[in-house]
Protein chains: 2
Amino acid sequence: MKTVGTLLFPGFELLDVFGPLEMFGALDDEYRLESMAESAGEIESRQGMKAIADIALADAKRYDILLIPGGRGTRHDVGNEALINWLRGHAEASSVVATVCTGAALLARTGLLDRRNATTNKASFRWVAEQGPNVRWQPRARWVVDGKYFTSSGVSASMDMALALISHLSSAEKAQQVATYAECRWNCDPNDDPFCHASALGDAMEPSQPA
Amino acid sequence: MKTVGTLLFPGFELLDVFGPLEMFGALDDEYRLESMAESAGEIESRQGMKAIADIALADAKRYDILLIPGGRGTRHDVGNEALINWLRGHAEASSVVATVCTGAALLARTGLLDRRNATTNKASFRWVAEQGPNVRWQPRARWVVDGKYFTSSGVSASMDMALALISHLSSAEKAQQVATYAECRWNCDPNDDPFCHASALGDAMEPSQPA
């Protein structure tokens, strides 16, 4: 069994978390899901719906896949030194680290993306890029792979990246089976990014100032 | 503000719930989200991740949109008379009723879909159809609209339907803005169903016997 550890924080974006977990969770004989946050228990998403963090950060072990979602809460947590230190240690210890959307801002603050290729959502691209000035940010990419670091574009791109991860860690056939199970039209080309010019609209919908 | 009430039950499918709520939640000045279950509090999804039901069924009011997800838990709940009775009353009182995946089985058991067109996921199509022998089940449809009843195919189709609902209740422009915000390639044609022949594989992944 491979373990997928998902970081939750107040203001996480719902689909950044539950899109990928739908995909990994479809193979429950291969992937075990665990979620963690500063404290175990209720965490409110950006949309208001609440999820449960299974464990506290202090109790987290090493994960095969560490998943870092985005969401408005990242605006606050890029300045959360304890969280960034936790993330640095656990990202170094994990076999694969995957970020979604503005989750890349948190990982960038650890320094682990420095001199690596990475992407993030198009709506908040500039703000995320400022969190890691030494990262090679790719403005046109559905997702980017650089070594063990997988970084996806915004929200829905998380599912395309999750299927790519399943293809990488299990098999392409398994990824296709999961896509069919979830009735998901998998965009399996990481360079096919229809939203690379969407930033103007996005900026209007997600404020770039700290929440 | 339009209220979106989402029914939760043990064994709900993650993306059936959080895909649509990502879309409605992107317009938080137009849609207010509330979730309900037999009791308020923790509810475990089919994948194991837990969410919080805001209120108990007994405390639910009338909703503008009543959202009924699918998931393995529907196998049990089609026989849950109290839940089906609650659903009948609240579906009748709601302006719009939307089901995802095997959620259509629960609504079919109320009788409200009788002599109406509807669809469900392709993996469990036969089992769902058995729950409503007088429903005009459509085997090829990404989603179906019949009066105030919107029924979607499996899992990911929920997001296409949610955007169609936003187009219907707000505007096509708003739906396109949300799709862009979520970096979602919206399949806006309800007849474009690439998974209508997927049942053989699906049956292998979701057992058709009660969980």
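Two strands are taken to pair if DSSP finds at least two bridges between them. On this basis, the predicted model shows in chain A an open sheet of 7 strands, in the order E5-E2-E1-E6-E7-E11-E10 and with mixed pairing. The edges of this sheet are formed by strand E5 (55-56) and strand E10 (143-146) of chain A, each of which pairs on one side only.

In chain A, H6(A) lies across strand E1 (2-7), strand E6 (65-68), strand E7 (96-100), E10 and strand E11 (149-152), at about 155 degrees to E11(A).

The two helices also meet each other in chain A, where H1(A) and helix H6 (residues 157-169) pack at an angle of about 35 degrees with their axes 8 Å apart, in a crossing that is right-handed. From H1(A), the residues A:Leu15, A:Asp16, A:Gly19, A:Pro20, A:Met23 and A:Phe24 take part, and they meet A:Ser158, A:Met159, A:Ala162, A:Leu163 and A:Ile166 of H6(A). By residue class, this contact of H1(A) with H6(A) comprises 8 nonpolar, 2 polar and 1 charged.

Between the chains, 38 residues of chain A are in contact with 38 residues of chain B. On the side of chain A that touches chain B, two or more residues each come from helix H1 (14-25), strand E2 (31-37), strand E4 (50-53), helix H7 (172-181) and helix H8 (199-205) of chain A. The most is given by H1(A), with 7 residues. The residues on this side of chain A divide into 20 nonpolar, 12 polar and 6 charged.

Chain A is superposed on chain B by a rotation of 180 degrees with 0.0 Å of shift along its axis, at an RMSD of 0.0 Å; the two copies are therefore related as by a two-fold rotation axis. Among the residues of chain A, A:Ala51 comes closest to the rotation axis, its C-alpha lying at 2.1 Å. The same surface serves both copies, since 100% of the contact residues of chain A recur in chain B.

As to confidence, the predictor gives the complex an ipTM of 0.92 and a pTM of 0.93. The pLDDT of chain A averages 93, and 93% of the residues score at least 70. Over residues 200-211 of chain A, however, the pLDDT is below 50, although this stretch has 23 contacts in the model beyond near neighbours in sequence. Where pLDDT is low, the predicted coordinates should not be read in detail.

Technical notes
Residues are numbered from 1 along each chain as its sequence is written. Chains are lettered from A and ligands numbered from 1 in the order in which they are written. This is a predicted model: local features need pLDDT of at least 70, side-chain atom pairs count only at pLDDT 80 or more; totals for chains, interfaces and linings use all residues. Two residues are in contact if their C-beta atoms, placed from the backbone, lie within 7 Å. Helices (H or I, at least four residues) and strands (E, at least two) are DSSP runs, numbered from the N terminus. Ala, Val, Leu, Ile, Met, Phe, Trp, Tyr, Cys and Pro count as nonpolar, Asp, Glu, Lys and Arg as charged, and the others, Gly among them, as polar. Axes are lines fitted to C-alpha atoms, for helices over the stretch in contact, and angles run from 0 to 180 degrees between N-to-C directions. A crossing is left-handed if the near helix is turned anticlockwise from the far one by less than a right angle, and right-handed if clockwise. Copies are superposed by least squares on the C-alpha atoms of residues with pLDDT of at least 70 in both. pLDDT is the predictor's confidence in each residue, from 0 to 100.
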